[in-house]
Every structure is written in C-alpha cells, then in structure tokens.
Amino acid sequence: MLICVQLVSSQCTQASSEFRQSGDFVLGGLFDIHYVSKVVTHQMPDSALCSSHDFVLPSYRRFQTMRFAIEEINNSSTLLPNVTLGYEIFDHCSNKDNFPSVFKLISQDRQVQPWLHLSKGLSDVIAVVGPFSSSDTTTIGPLFMMNFVPLISYGAGSSAFSEKTKFPSFMRTVHSNRHLVEVIVDILLYFKWHWVAFLNSSDAYGKDGLDLFRKRIVDTGICVAYNEMVDFQTNATKIIKLLEERKVNVIVVFVPEGTAEYLIGAVTSLNITKKVWLAVDAWSLNKKLPKMQRIKNIGTVLGVAQSSVHIPGFKEFIYSTKTPCQREAGEMCNQDCRDCEGITAEDIILADPSYSYNVYSAVYAIAHALHNVLQCGGGVCQKNRTVPHYKVLAELKKSNFSLLHELIQFDKNSDPKFGFYSIVLWNCSGDAEEIGFYRFHPSVNFYINRANLQWHTGTETPISRCSPDCPVGYAKKQEGIHKCCFSCYLCPNGTYINVTEDAYSCRACHADEWSTDGSTSCILRTVEFVTFEDAITMVIVVGTVALEVLSLLTAVLFGLNYNTPVVRSAGGPMCFLILGCLSLCSISVFFYFGKPTTASCVLRFFPFFMFFSVCLACFVVRSFQIVCIFKIAAKYPSLQSLWMKYHGQWVIITLSFVTQTALLILGYSLSPPAPSSDYEWDRSKIILSCDGDFQGNLPATILLLILCCLCFIFSYMGKDLPKNYNEAKSITFCLLLIVLTWVIFATQFILYKGTYIQTFNAMAVLSSLYSFLLWYFLPKCYIIIFQPQRNTAQYFQGLIQSYTKTISQ
C-alpha cells in the first residue's frame with residue numbers, strides 16, 4: 001500500500017475533524033472539494049495535494065450533506081438504535097492521483113488484504129458514498145468491485161456503469177446519462193430544434209453523453225451539425241465561428257461544471273446573443289455564471305437540473321457546526337480544507353444544491369441496508385454481527401423506504417427509480433428559474449411552462465434548422481449527409497405524406513383510397529354502380545318493357561293476319577321466331593343494373609348473343625330468299641327446289657343457334673366474365689362493373705359479324721327490287737342502324753370508362769333490338785292496319801309480274 005504524507009497543522013488543533021468520525025460502522029466518502037483543472041506532471045509517483053487546487057463550493061456543500069445525514073441517523077432511535085455510524089471522507093480532486101485515499105478506504109487496519117473469507121470484513125468501511133464524476137468512478141471503481149464493497153455514486157451518470165458484469169457492487173442515486181439525454185432530446189423536439197451543436201468533454205462523462213445522444217436522435221429528425229470536445233484549452237472563438245458558418249443556434253453543452261465555467265466565461269466576450277445554450281445537470285444550477293455581468297451576451301440558457309429537494313434541518317446543522325477552523329493535527333492527506341476557513345455558513349447554504357439530495361439518499365440507503373443486516377427491531381440492533389460487504393450490497397439492491405416523500409428504490413441495474421429532472425431558465429435576475437419538469441416514475445411526465453419563457457429574441461421561440469420546414473403536403477428530399485438539410489417536393493395525387501412516420505417519402509394510398517396533390521391522408525373511395533333507382537335506368541327499363549309489349553302486340557297482329565301477303569312476305573312463321581328472340585334478347589338489359597355479380601355478368605351477354613344470332617340468321621335467310629325469288633330462281637330453278645325440299649332456311653337458323661350456343665358455352669367455360677373494380681378512371685371512386693376480358697365472347701362476336709355481313713350482302717343485292725315490295729331495303733337499313741349504334745358505343749367505350757358505360761351498353765343493346773322491331777316490323781303493321789288494299793294477293797302478284805317483265809327485257 002502507498003503511504004500518504006501526513007499534513008501537520010500548528011494553527012488548528014481541534015479535537016474533531018470534518019473528514020473523520022468514529023463509530024460502530026464506518027462509511028467512506030469521496031468528494032471533489034477541490035478540482036485539478038490543469039495538467040500536473042510528475043517526475044516520480046506522487047499523490048495530489050488537493051488543498052492546493054481550485055476549491056469547489058457545491059462539492060463542499062455535498063460533503064456537509066453526508067455529515068449531516070450521518071448525524072441525523074445517529075440521533076434517530078428507530079433506524080439504527082444503539083448503533084453509531086462513523087465516516088472517513090477524502091477530498092477526491094483527481095481521477096489518477098488520489099489512490100492513497102482509495103487504498104485507505106479498501107484497507108483493513110491499514111492493510112489491503114486478499115480475498116479470504118466472505119464472512120469477514122475486508123475493509124474498515126462498510127460502504128462508500130461517491131465519487132462524483134464518471135471519470136473518477138471509471139478509474140477507481142474496479143478497486144472496490146473486487147471485494148464487492150458497495151460504491152454508491154451521487155453524480156456518475158455514465159451508462160457504462162449499468163453493466164453489472166463489470167461493476168457488480170456499483171450503485172448510484174443519480175439518473176443515468178441515458179435518462180439525461182432523453183430529457184435533452186425531448187426538449188429539442190418540443191421546441192422543434194433540429195439543427196444543433198453538441199459540445200462534450202473528453203472524459204468518460206462527455207464521451208458517453210455524445211454516444212447516447214447520437215443513438216437517441218436516430219429517426220427523430222435531429223441532426224448534429226457540429227461536434228467538438230472541449231476542455232480548459234478550447235478556443236471558444238473558433239467554435240463560435242464554425243457555429244455561425246453552419247447557422248447553428250442551439251448548442252448542447254455536455255461538460256462538467258469546471259469546464260462549463262471556462263467555456264461560458266470565454267464565450268461571454270464574443271457577444272453572440274442569438275444562441276440557445278442547453279446546460280446539463282452538472283452546471284445548470286451554477287451560482288457563479290448567471291451572475292456574470294456579460295452573461296446576457298451569449299443568448300438564452302436553458303438547463304436540465306437534478307431535482308432540488310429541501311432537506312429539513314440541514315441549514316441549522318451548518319450554522320451549528322461551521323467554525324473558522326476545523327483541521328486536526330495528524331490527519332491523512334486530502335483530509336484538509338484550508339479554503340474552508342473563509343467559507344461562511346451562508347456561503348454553503350446558498351451554494352448550488354445539485355446532487356445534495358443524491359448524497360442524502362445514498363447515506364440513508366446504506367443505513368436502511370445496515371438496519372436489515374443487523375436485524376434491528378424492538379429498539380435494538382445486533383451490532384456484534386459480522387457485516388460482510390456482499391450482504392450490505394444485497395440489502396441495498398432491495399431498498400424500499402420513504403425519504404422526504406420519495407420512495408427510494410433501485411432497478412435491476414442498481415440505477416435509481418426515484419427523483420426527477422427540473423427544467424430551468426437563467427432569468428434576467430441571474431437565477432436559475434424552474435420552468436418545467438421531467439418525471440420518469442411511475443410514468444413519464446414532461447411539462448414546460450412556456451408563459452415563463454423569456455428568450456433573447458423576445459417572445460418568439462428561436463429557430464435552429466438547416467432548411468425551413470416543408471409546407472403541408474410536401475415531402476423532404478435529403479441534400480448532403482444530414483437529413484436536416486433538404487429540399488421539398490409536392491406529393492402527387494394518389495399519395496400522401498405522414499411527417500410523424502416518414503417525412504422523406506410520399507406513401508401510396510391503398511387501392512380503395514384516393515388523394516389529391518399535397519395530401520396528408522387518404523380518403524376512402526366511394527363505390528359506384530348503376531342502380532335501378534337511377535333516372536336513366538328507369539327510362540331504359542320502361543323502354544325494354546315497351547319492347548316486350550310491342551313485340552307481343554306485333555305477334556298478335558301477325559297471328560290474326562297470318563295468311564295475308566304482307567305477313568307471308570315478311571317471313572311467315574319466321575316472324576314469330578324473330579319477335580320471340582327479340583323479346584328474349586331484351587332480358588339481358590335488366591342485368592346491366594345493380595351491383596355486379598358473376599351471374600349478372602354472364603346474363604348481360606349470354607341471352608343477347610344467343611338469341612340475336614337467331615335474329616340475324618333469320619334475316620340472312622330472309623334476304624337470301626328475297627334475292628332467290630326475284631333473281632336466282634329464274635336462272636337457277638334447281639337451286640330453289642333444293643332449298644325448298646330440304647327447308648334450307650330452318651337448317652341455317654338451327655345451325656346458327658347451335659353453333660352460337662356451343663361457342664358461348666365454350667368461351668364462358670374457358671374465360672367466364674366476372675365482377676371487376678375499376679380504380680383508374682376516377683381516382684375518387686371505385687366503379688363496379690364486369691371485367692373487360694372479351695375472350696369468352698370473342699368467338700360468338702365473330703359469328704355475329706359473319707351473319708351480319710352475309711345479311712348485308714344479300715340484302716344489298718336486292719336494292720333494285722320493286723319499290724313497293726322491298727324487304728331487302730328494310731333489312732339493309734336496320735343493319736346500318738345497328739352498325740352505327742355499335743360504332744358509337746365502341747367509340748364511347750374507348751373514350752369513357754365511367755359508371756354509366758354500363759348504361760350505354762344497355763342502350764346499345766336496346767337500340768339494336770328496336771332497329772329490327774321499328775324499321776322492319778312497324779311498316780308492315782302500318783300496311784296491315786291502315787293500308788289493307790296493299791295487303792292483297794292481286795297487289796303482290798302485280799308487283800312480281802311487273803318486275804319479271806323488267807328483268808326479262
């Protein structure tokens with residue numbers, strides 16, 4: 001073990017010391033009452049003489065808090081009755097030159113003993129409160145971990161200490177840097193500061209903060225525009241110049257208090273009032289900086305501070321114990337505080353209270369653990385029991401007691417489950433004014449009172465971003481390496497932008513949704529189809545019923561005048577077949593309306609194709625017969641006799657019907673029509689119809705075209721037949737009307753795919769049927785009813801003889 005040089009004072013020889021007190025059980029303490037701010041070089045191994053370095057008043061206040069907590073516990077008759085606690089406290093001013101004091105704490109009777117028996121104490125102290133910084137803990141922590149000496153830090157926030165495999169006996173009453181970074185990021189998001197600088201110290205505390213910050217801001221939209229490690233030699237002018245170049249207005253300063261005092265002090269001379277400085281808990285409640293005359297030159301300072309809990313009786317303790325000199329001859333090195341002689345009780349009480357409650361709760365946690373190990377009860381503790389460190393550690397981890405209205409508990413990583421952060425603002429009076437809070441337990445509760453905010457820019461919240469926010473409905477397009485630097489583009493129709501999930505891409509709407517340009521959400525499409533309640537549907541239905549009635553009346557009229565020349569010349573029995581097929585064809589019109597189903601899609605085409613082919617076959621036969629009678633029979637009498645002998649007209653009609661039926665069945669078996677949804681024609685609607693796959697109807701359509709062409713050819717051949725007896729002309733005119741109807745529909749189908757295309761299809765079908773009914777049958781009905789003199793055998797015989805004489809000449 002290293003031997004520490006003893007300090008002897010001839011001026012003060014008081015019987016007691018602030019750094020040492022005897023007791024049944026002794027607690028160790030490490031407080032950075034002084035701080036080595038400059039690099040010290042050694043020619044040989046040496047221990048730092050802390051009293052010769054910079055005095056840290058807030059740390060001295062925390063030091064006094066430990067003394068007060070132990071005195072309060074010793075005066076208690078319930079926590080540790082008949083047991084007294086002592087303490088051995090050292091001034092820990094350096095993370096690498098304070099090992100003599102550390103060895104003193106882990107020694108037993110001034111010797112560091114090997115690990116022999118778990119049941120024996122391995123050091124004079126049962127637990128240690130401290131050290132304050134993460135760097136100090138990283139350096140000396142492993143020495144305490146070897147023998148499971150409980151080390152309860154009140155300020156070391158590095159997340160590395162949560163790893164219990166490396167730090168099994170480490171505990172802390174301060175929140176991990178992970179929580180601190182969470183609060184910082186939430187503040188940045190609250191004020192929409194996405195373009196920030198991060199200044200951190202080069203020690204374990206600062207590096208851990210930077211690493212946690214970079215991990216936390218992933219997918220938050222926050223970018224680190226500038227990062228720099230700062231210390232006591234940092235060029236503040238260079239930093240500010242780079243911040244101005246990159247247009248950064250918000251700076252997170254993740255450094256210890258001493259470094260912050262140097263940095264902020266240097267910045268005050270540069271007069272940069274447009275910045276927001278975000279202070280961490282290490283220096284947010286600093287008493288010196290807010291009182292500086294030129295502090296307003298740096299802009300606004302917001303801070304995250306440890307919860308400041310009033311400790312009853314502490315003020316009275318300081319007034320009763322603080323005397324001008326409290327040093328004792330024969331003290332160990334770094335148990336000396338020469339600066340303390342000029343410190344008054346008021347100075348201590350008004351010092352930064354940060355971490356004081358953390359020290360207070362750490363001491364009480366040890367006391368409660370010792371209470372359980374000693375099996376205290378009934379006003380007595382079994383103080384003669386052996387108290388191994390691992391038993392104290394086990395009870396510490398199970399802590400569950402109330403202290404000043406806080407429930408003291410630790411999680412599985414030995415991190416505190418109590419306490420909260422205050423959010424403070426350095427106001428014009430030079431005080432850190434609390435403007436909000438951030439609680440973690442039992443649930444997250446974040447609040448900022450914006451009414452109390454006074455910015456350097458006035459009432460408006462400062463802005464810090466690389467690129468201005470995109471307008472509503474615009475997505476970001478990253479430019480450069482930072483996501484915060486971007487251009488904006490409008491999301492096209494059919495897409496939307498959800499900035500809370502992804503501000504950099506336009507998302508496509510679902511098939512049943514639609515959107516306009518620059519939408520932030522999609523709208524459910526309306527489903528449309530032609531209903532029976534539609535006005536034009538009712539007109540078509542009435543027209544179809546009228547067709548049925550007219551067909552029936554025509555059939556009745558032809559039946560009553562069946563043996564007249566007009567009926568016989570119109571086709572005789574074939575007329576009834578045509579009229580019946582026209583009526584059956586009209587059935588398909590009703591299936592163009594209502595919500596499409598598989599059955600309705602089939603019946604839209606099947607009856608029409610099947611029975612309309614019979615109609616065309618009848619007119620093909622009728623056209624051929626007219627030409628045969630007037631032209632072919634005279635030249636080829638044998639052809640007419642064969643036609644009459646074998647009933648050629650019925651053979652052709654039957655063959656057409658059977659062929660068409662077979663083609664329809666085959667086509668629908670291979671490619672049946674089915675309901676379909678059109679999403680393309682109108683982005684705000686889903687148009688229900690039958691699919692546009694015409695493969696099933698293609699063979700049947702070809703047959704109809706063949707029949708139509710044959711009919712047209714034969715009827716055209718009879719264009720010069722007698723004027724008063726010209727069935728061929730009527731058939732030709734009907735065919736031209738049908739062709740014109742379907743050409744118009746085809747054109748409409750190509751240009752328009754909306755809801756009413758089904759209505760146009762039904763109208764085309766109905767128009768085709770009316771073409772034959774009105775222009776072929778209606779003239780004959782007119783002759784039968786209004787010109788009976790033209791419906792005689794003599795009249796027709798005269799027309800035929802006149803035409804025969806003409807062609808013979």
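Predicted model: local features only at pLDDT ≥ 70, side-chain atom pairs only at ≥ 80, totals over all residues.
Author: Two strands pair if DSSP finds at least two bridges between them. The strands and helices themselves are DSSP runs, numbered from the N terminus: at least two residues (E) for a strand, at least four (H or I) for a helix.

Reader: What makes S11 and S12 a pair?

Author: Four bridges join strand S11 (residues 250-254) to S12. At least two are required, so S11 and S12 count as paired. The two strands run parallel.

Reader: Why is Ile 435 called buried?

Author: Its relative accessibility is 3%. Buried means under 20% relative accessible area, exposed means over 50%, and partly exposed lies in between (1.4 Å probe, protein chains only). At 3%, Ile 435 therefore counts as buried.

Reader: Where is Ile 435 found, and which residues is Ile 435 in contact with?

Author: Ile 435 sits in strand S17 (residues 432-439). Contact means heavy atoms within 4.5 Å. Beyond four places in sequence, the contacts of Ile 435 include Leu 302, Ile 423, Tyr 447 and Asn 452. Gly 303 is 132 residues away along the chain, yet its C-alpha is separated from that of Ile 435 by 9.8 Å.

Reader: How much of the protein chain counts as buried?

Author: Of its 809 residues, 52% do. The chain has 21 helices and 27 strands.

Reader: What makes a group of residues a nonpolar core?

Author: Its members are buried Ala, Val, Leu, Ile, Met, Phe, Trp, Tyr and Cys residues, joined through side-chain atoms within 4.5 Å. The largest such core has 127 residues. Phe 213 and Trp 277 are among those touching the most other members. Helix H10 (residues 356-373) gives the most to this core, with 12 residues. A separate core has 59 residues, among them Phe 558 and Tyr 668.

Reader: How do you know whether H10 is mostly covered or mostly open?

Author: Count its buried residues: 16 of 18. That makes H10 mostly covered.

Reader: What span is expected for H10?

Author: Expected span is 1.5 Å times one less than the number of residues. For the 18 residues of H10, this comes to 26 Å. The helix reaches 26 Å from its first C-alpha to its last, close to expectation. Gln 375 follows H10, with a positive phi near 50°.

Reader: Why are S25 and S26 called edge strands?

Author: The open sheet has the order S25-S27-S26, with mixed pairing. Strand S25 (526-528) and strand S26 (675-678) each pair on one side only. S26 meets strand S27 (residues 685-690) in the antiparallel sense over four bridges. With at least two needed, S26 and S27 therefore pair. Within S27, Ser 689 is the bridge partner of Ser 676.

Reader: Which faces of strand S12 are covered?

Author: Both are. Val 276 and Leu 278 lie on one side of S12 (residues 276-279), Trp 277 and Ala 279 on the other. All four are buried. In a regular strand, side chains alternate between the two faces of the sheet.

Conventions
Residues numbered from 1 in each chain as written. Heavy atoms only, no water.
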